[in-house]
Amino acid sequence: MATVHLRIGDLVWGKLGRYPPWPGKVVSPPKDLKKPRGKKCFFVKFFGTEDHAWIKVEQLKPYHPHKEEMIKINKGKRFQQAVDAVEEYLKKAKGKDQTHSDDKSKSDKGRKAAKPMKIIEEDDEDAFKGGSSDKEQTDSDPEPSSVRRLVAGTVSGFKWESSPVKDDPHFHHFLLSQSEKPASSMEPITKRLKIVEEDTGSTSIQAADSTAINGSITPTDKRIGFLGLGLMGSGVVSNLLKMGHVVTVWNRTAEKCDLFIQEGARLGRTPAEVVSLCDITFSCVSDPKAARDLVLGPSGVLQGIRPGKCYVEMSTVDPETTTELAQVITSRGGRFLEAPVSGSQQLSNDGMLVIVAAGDRSVYEDCSSCFQAMGKTSFFIGEAGNAARMMLILNMVQGSFMATIAEGLTLAQATGQSQQTFLDILCQGQMASTFVDQKCQNILQGNFKPDYYLKHIQKDLRLAISMGDSVNHPTPMAAAANEVYKRAKALDQSDNDMSAVYRAYIH
């Protein structure tokens, strides 16, 4: 591959993880963000998003020579918006240059031409030192148009050099900044991670390899088992198969396995058989009872556990259940990891889940390619039980927030205000998000097709409240939201989407 010569301000196509090539601009990194060691890289700000990242030089291509090629292989709406943002930026830059040129032409007439800027080569260690001033960078940076993630998926026909993902430091600083000044958003993130590490005793907390991978995913050669093909599990298995993993599946309702058998999965007759046939077995079921029954019941997981077998619990359960399962698995010589996921059916289908893992660190590393296939990022936060605690807190916040949004929509209607206008205003403010927009639009359309079951978010609220009680911590907001979800369940909304909590306010 030809050597890439870049300098501050250059427009490029950057390849970040499993995302398609995306237009960006080489910019100066924040002063307190050190350049990663290893292969040469540049700090890139992506157009149409708030994303910044260190990108290896082999994952960068000049913008203009490859523009037509990129446009042909990516037709997504957000991609087109990003390209439009580049063109708008170029138009503004051209206008500024023309004005500057006209103003200077008279006074500079006859003077010597200015020296050309030094081209920053890939081996220039000081490439980002003393770049443009803060003011210049603010004026020339791409205009953010959305804080939504880049669309997921690989892009066929565009070949990038792949590199090992393990211990790759280049993307440990990847973030979705919430400010136009990257330094101000990075600093608290770094501090927060440090505090959590001290409080929990975690050996490390870092973005997983799924944000570090360059090029396509190389599937593990380990045999993968998967138990539970519900809303979340189905999407996970589909993505594991798409990325080339060898997967054996089992589900309580056997018919759900048929589609995945057609896609290349193997069928296990019992959980014990799946575990005995596979090196790493994942499970994703509805609640603590189902998780225990799967492991401890007849022909259960425990019967198939042998020394070295890995079991990964992805269900959202209480920490006591996780601890119990970890103990029984390891007592048989097995290796245990909990890895509950934050997301929805759609995010599962898109391979954009967030995985929160704890337990055996070596299992976490062995699952690297699997986590890359199913999620956009993952975190390892120490001993077993920590991930269950963290996920319950996350879902407690999400469930309470959804109930509050439903309450706002119904209050708007009760006071004679337009619900659509309420949503429009909400989506232009600080709480704007894909979650708010999609859930509210579905409510207004009367569409409660499950993306995350209402009965499951109520279960998570109940478990979070119980967890709070165990440490004598008040959870009055969650308790209030829990009562609203319980009313919705009484109105036969359990198997609808969590947004059906709205109906608890109108009946």
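**Entry 1**

I began with Val-312 and looked up its contacts (heavy atoms within 4.5 Å). Leaving aside neighbours within four places in sequence, I found Ile-280, Thr-281, Phe-282, Ser-283, Leu-337, Ala-339, Val-363 and Cys-367 touching Val-312.

A note on what I am reading: this is a predicted model, where local features need pLDDT of at least 70 and side-chain atom pairs count only at pLDDT 80 or more, while totals for chains, interfaces and linings use all residues. Residues are numbered from 1 along each chain as its sequence is written, and side-chain values use heavy atoms, with hydrogens and water left out.

**Entry 2: the cores**

Next I looked up the nonpolar cores. Such a core is a set of buried Ala, Val, Leu, Ile, Met, Phe, Trp, Tyr and Cys residues joined through side-chain atoms within 4.5 Å. I took buried as under 20% relative accessible area, exposed as over 50%, and partly exposed as in between (1.4 Å probe, protein chains only).

The largest nonpolar core holds 35 residues, and Val-312 is listed among those with the most contacts inside it, along with Phe-226, Leu-240, Phe-282, Leu-337, Phe-371 and Met-374. Helix 5 gives the most, with 5 residues. Helices (H or I, at least four residues) and strands (E, at least two) are DSSP runs numbered from the N terminus.

I also noted a second, separate core of 31 residues, which includes Leu-409, Leu-423, Ala-478 and Val-484. As background, nonpolar side chains tend to be buried together in soluble globular proteins.

**Entry 3: Met-232**

I stayed with helix 5 to look up Met-232, which lies in it. Is Met-232 buried or exposed? It is buried, with a relative accessible area of 12%. Not counting residues up to four places away in sequence, Met-232 touches Cys-284, Val-341, Gly-343, Ser-344, Gln-345, Ser-348 and Leu-353. I checked the pair Met-232 and Leu-353: 121 residues apart in sequence, they have C-alpha atoms 9.4 Å apart.

**Entry 4: helix 8 against helix 10**

Here I wanted the packing of two helices. Helix 8 (residues 288–296) and helix 10 (residues 319–331) pack at about 5°, with axes 10 Å apart. The axes are lines fitted to C-alpha atoms, for helices over the stretch in contact, and angles run from 0 to 180 degrees between N-to-C directions. The two helices are therefore roughly parallel to each other; angles under 35 degrees count as roughly parallel, over 145 as roughly antiparallel, 65 to 115 as roughly perpendicular and the rest as oblique.

From helix 8, Pro-288, Ala-291, Arg-292, Val-295 and Leu-296 meet Thr-321, Glu-324, Leu-325, Val-328 and Ile-329 of helix 10. I sorted the residues of this contact into 7 nonpolar, 1 polar and 2 charged. For this sorting, Ala, Val, Leu, Ile, Met, Phe, Trp, Tyr, Cys and Pro count as nonpolar, Asp, Glu, Lys and Arg as charged, and the others, Gly among them, as polar.

At 0% relative accessibility, Thr-321 counts as buried. Beyond four places in sequence, Thr-321 is in contact with Pro-288 and Arg-292. A polar contact of 2.9 Å joins the side chains of Thr-321 and Asp-318. Such a contact is a pair of N or O atoms within 3.5 Å; within protein, one must be able to donate a hydrogen and the other to accept it, and residues adjacent in sequence count only if both atoms are side-chain atoms.

**Entry 5: around helix 18**

In helix 18 I looked up Glu-483. Glu-483 counts as partly exposed, at 44% relative accessibility. Its side chain makes a polar contact of 3.1 Å with that of Lys-486.

Most residues other than glycine have a negative phi, and I found exceptions. Asn-472, in the loop between helix 17 (454–470) and helix 18 (476–490), has a positive phi of about 55°. Asp-492, in the loop between helix 18 and helix 19 (503–506), has a phi near 70°. Asn-472 is exposed at 73% relative accessible area, and Asp-492 is exposed at 66%.

**Entry 6: the whole chain**

Last, I stepped back. I recorded 19 helices and 15 strands in the protein chain. Of its 507 residues, 49% are buried.
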